[in-house]
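Welcome, and take a moment to look over the structure below. The report after it walks through a few places, one by one.

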Amino acid sequence: MTMKRFLPIVVLLAPFFLFAQEVKLERVEPPNWWTGFKNPEVQLMVYGKNIATTTVSVDYPGFVIKKIHKTDNPNYLFLDMTISPGTRPGLAVIQFKSKDKVAGKYLYELNERKKGSAPRKSFNASDVIYLLMPDRFSNGDTTNDNCLGMLENADRSNPDGRHGGDLQGITNHLDYLKDLGVTALWLNPFQENNQEKYSYHGYSITNYYLTDPRIGTNEEFAKLCTAIHKKGMKVIMDQILNHCGSNHWWMKDLPSPDWINQWPEFTRSNYRAGTVSDPYVSTADSNLYVRGWFDKTMPDLNQRNPYLKQYLIQNSIWWIEYAGLDGIRHDTHPYPFKDVMSEWGQRILEEYPGFNIVGECWMNYPSNVAYWQKDALNKDHYNSWLPSVFDFPLYDALTRAFNEPEGWNTGILRLYEILSQDMVYPDPGNLVVFADNHDVNRCLDTQNDDVRKLKMALAFVLTTRGIPQIYYGSEILMTTGADKGHGSIRKDFPGGWPSDTQNKFTAAGRTPAEQEMFDYVKNLLTWRQSSDVVHTGKLLHFIPENGIYVYFRYNAKDAVMVVLNNNEETRHLDTKRFREVLDRYHSGTDVINGGEIGDLSLLAVPSKSALIIDLRK
Ligand code: CA
């Protein structure tokens, strides 16, 4: 926020009193709010030295203080504000008085919600999500690489350091992304991460309301969202409610000891997300999972603290409204208290019907993951209010399917077996499907540097049920470094920095192999954009035989046939077995090479490849 909302602050120093108290207003969060929400209330967190000793007043029609809460820490106030229906947008003065003197004033901006802000078209299976890490995609503004007050400076020689990528870099390459054919961008977190080191990834937030100045500004983010929307693409913001960064400003002066989950000494979570739904779980395991810290530098937030709960819910709504977000990806979704996460999802969906949120529930069994999708028939009646989950079981199967020998329960059968468990999901079509992301080895590495297998994996992700997500750089054959560390999973996109000698954003900068991959991805993405049947059509598959997996996406009008040949040689596939679908079709178009297929009875499928056919009656 660049707007100056703090009026000149009067610091009260009362020299005539022995125990004179200094009063100082430092923060009001959320920094502004909107009229027209379904929920007429907003709770303001006010921070400043001895602010709880002041008398607060607001003089604005329709915007009134309903209740004032104090904690044991005199430096915090929580104000329950009511915004009555019909309240006009404008600037409300919140005044803090100490001993009849004005100790501070805050100009609280009530904005009007944008027309059409809810309900909105969120991301869904018609999209292809492109995940990128802002620090590692492109450095569009070298002047913000190092910022006064920020503890870590840019150092591209350090794989775990900050490299200088920013929002301007993303803005500069929107045409590239549009040309590639992606329709939604998921950015790893861009909020302030003012940690001494290892902060480039964005998951150690030190200010929930501020874009990290090394990445950009809030205004730049809002502008970027507008630019993305103008290109017909969507924006998915990464949010983290489980933990903050150890340098978060409130860590030096917590509102109350129970703001975070505290232990006598540093205690790590057991990372066993299954404990949340395990009917046989021990209290010790369950407690350690939820209350243990994700990392030393990531204090575990206690979302059950009523003020923190409001703070986090409002922060999510604030970003949706402020930037016009099209979706949220929620990090470490099962780690916070699940009752609060349910309330969080419900509050967002009440304000934004149809809004999509995908949660990271990193487990390898469909039943574990399905527990977290909204409206799951859970025996404990838990409803997450989380519309979408990442399909980690299918990802796990993808890392093995093309690499191991075909057997009764190995090889390509793994994909079939995971999908055949979709009855546990309330809405399998709303799962996010992926072959890699910022936390795992890149797909090309998992597929043993075999480009054929990378193509098969992406072809599968782009044609099976669900919402496909690809990871930046797959289209130009980016690989993980030899150390397999997180830093090298998240290498800089070549050409994203002014000093780069190669520029893979342009055809001229790509090798023939990279260009071939780029064309492969672009071709599939472009085709997928207009293939309704792949977005919403039903899935029908056949048990893999002889290393070949055949499935169809179909609706009343259209059908697409996909053949994955996991063998090391070309196979000629007799299609009699697939008659129940193919009987309705006589020919088709090979989506990948554009060739006509006049005879569907025998299909030639090259080794380790995907054949995708748009079927015709
Ligand atoms: Ca920069």
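Strand E21 (residues 559-565) and strand E26 (residues 609-616) are joined by 6 bridges and run antiparallel. Helices (H or I, at least four residues) and strands (E, at least two) are DSSP runs, numbered from the N terminus. Two strands pair if DSSP finds at least two bridges between them. Within this pairing, valine 563 has leucine 611 of E26 as its bridge partner.

Before going further, please note that this is a predicted model, in which local features need pLDDT of at least 70 and side-chain atom pairs count only at pLDDT 80 or more, while totals for chains, interfaces and linings use all residues. Residues are numbered from 1 along each chain as its sequence is written, and side-chain values use heavy atoms, with hydrogens and water left out.

**The sheets**

E21 and E26 belong to an open sheet of 6 strands, in the order E19-E20-E21-E26-E23-E24, with antiparallel pairing. At its edges are strand E19 (538-545) and strand E24 (596-597), each of which pairs on one side only.

Leucine 131 takes part on both counts, with tryptophan 186 as its bridge partner in E10 and tyrosine 471 as its bridge partner in E18. Which way do the side chains of E9 point? Ile129 and Leu131 point one way, Tyr130 and Leu132 the other way, and all are buried. Buried means under 20% relative accessible area, exposed over 50%, and partly exposed in between (1.4 Å probe, protein chains only).

**Arginine 136 and its partners**

Arginine 136 sits in helix H1 (residues 134-137). Its relative accessibility is 0%, so arginine 136 counts as buried. Its side chain makes polar contacts with the side chains of aspartate 135, at 3.0 Å, and histidine 163, at 3.3 Å. A polar contact is a pair of N or O atoms within 3.5 Å; within protein, one must be able to donate a hydrogen and the other to accept it, and residues adjacent in sequence count only if both atoms are side-chain atoms.

Arginine 136 also lies over the face of tyrosine 200, at 3.8 Å from the ring centre. Elsewhere, lysine 374 lies over the face of tryptophan 385, at 4.9 Å. A charge sits over a ring if NZ of Lys or CZ of Arg is within 6 Å of the ring centre and within 35 degrees of the ring normal.

**Aromatic pairs**

Rings of Phe, Tyr and Trp (its six-membered ring) pair if their centres lie within 6.5 Å; planes under 30 degrees apart count as stacked, over 60 as edge-to-face and the rest as tilted. By this rule there are 58 aromatic pairs. Here are two of them:

| Ring pair | Centre distance | Plane angle and class |
|---|---|---|
| Tyrosine 371 and tryptophan 372 | 5.4 Å | 80°, edge-to-face |
| Tyrosine 416 and tyrosine 549 | 6.4 Å | 85°, edge-to-face |

Because tyrosine 416 lies in helix H10 (residues 413-419) and tyrosine 549 in strand E20 (residues 548-554), their pair ties together parts that are 133 residues apart in sequence. Both tyrosine 416 and tyrosine 549 are buried. Tyrosine 371 is buried too, with a relative accessible area of 5%, and tryptophan 372 counts as buried at 0% relative accessibility.
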